[in-house]
Amino acid sequence: MKNINKEIFKDEYQIKNGKYIFIPVQEEVVTDFLDKIKYKIKKFNKLYSALIEIISPVYPQPFFDAKRIIRKEIKGKNLVALNLGSGNSDFGDDLLNVDLLPYQNVDVICDIEKIPFKDNTVDYIINIAVLEHVPNPQKVITEIHRILKPGGKLYCFIPFMQPFHASPYDFQRFTYEGMKQQFKDFKIISLKSVGPTSGMLWVLQEWFALVFSFGIKPLHTLLYLFFMVVTFPIKFLDVILQFHPMSKNMASGFSILVEKKQD
């Protein structure tokens, strides 16, 4: 159980199995066969992280960025830092893992549209591939702005050119200009394209599975996994191509680093 200053909480909570619980605990809604596989693997954090970084069609630049930020700006500095919408991921003891679902590595269970932290109490937030899965992303962004201290920072990644992926829901995507609009109340430090090859590759894998499955859903799932394993090395072209000036037109997603403005 991580050491948490309870003074930062604004709502009542229960403590169970080392977790601070602000809402009724629920299990993930599993909607299809592939989602069931993902749900089972998510329980094994290191294995799931390795599969995402290596086998998945998305070049894992956001995870590289997050690890660099933690190493340079958070680690050992006694900051209040959150891994918001963490799932079962864990970047170490310097961040609190906050999620709706009771994964093993989650420290705080809450609805991130109503984050139970007091105003101006958090120094840093990492939020990777989460806002496409919430019905009202602007509510989450507003909550992030509320709980960050003046000068506090947020690193966020949101998809653009990615096929539907329910975990368990999937609601929206954002363009380059859409990202600027969503975070207009912050000072934008950087806004970068991630994965133009990844954007193409994931769609291509889905397309091959669709064409050769002949409308048979179980076959579609098996073919999709097959094409993912066969073609994933192509995504590493994004080591270079993500820096192309036009990569934002077909980026897999966008990473943004913002700061809460100081009055």
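The sulfur of Cys110 lies 16 Å from the closest cysteine sulfur, in Cys156, which is too far for a bond. A search of the whole structure accordingly lists zero disulfides (pairs of cysteine sulfur atoms within 2.5 Å). Cys110 is buried, at a relative accessible area of 1%. Cys156 is also buried, at 1%. Buried stands for under 20% relative accessible area, exposed for over 50%, and partly exposed for values in between (1.4 Å probe, protein chains only).

The model is predicted; local features need pLDDT of at least 70, side-chain atom pairs count only at pLDDT 80 or more, and totals for chains, interfaces and linings use all residues. Residues are numbered from 1 along each chain as its sequence is written, and side-chain values use heavy atoms, without hydrogens and water.

The protein contains eight helices and nine strands. These are DSSP runs, numbered from the N terminus: helices are H or I, at least four residues, and strands are E, at least two. Of the 263 residues, 49% are buried. The C-alpha trace spans about 55 × 40 × 30 Å along its principal axes.

Tyr13 sits in the segment before strand 1 (14–16). Tyr13 is partly exposed, with 31% relative accessibility. Leaving out residues up to four places away in sequence, Tyr13 touches Lys6, Tyr20, Ile21 and Phe22 (contact means heavy atoms within 4.5 Å). Leu225 is 212 residues from Tyr13 in sequence, and the two are 41 Å apart in space, C-alpha to C-alpha.
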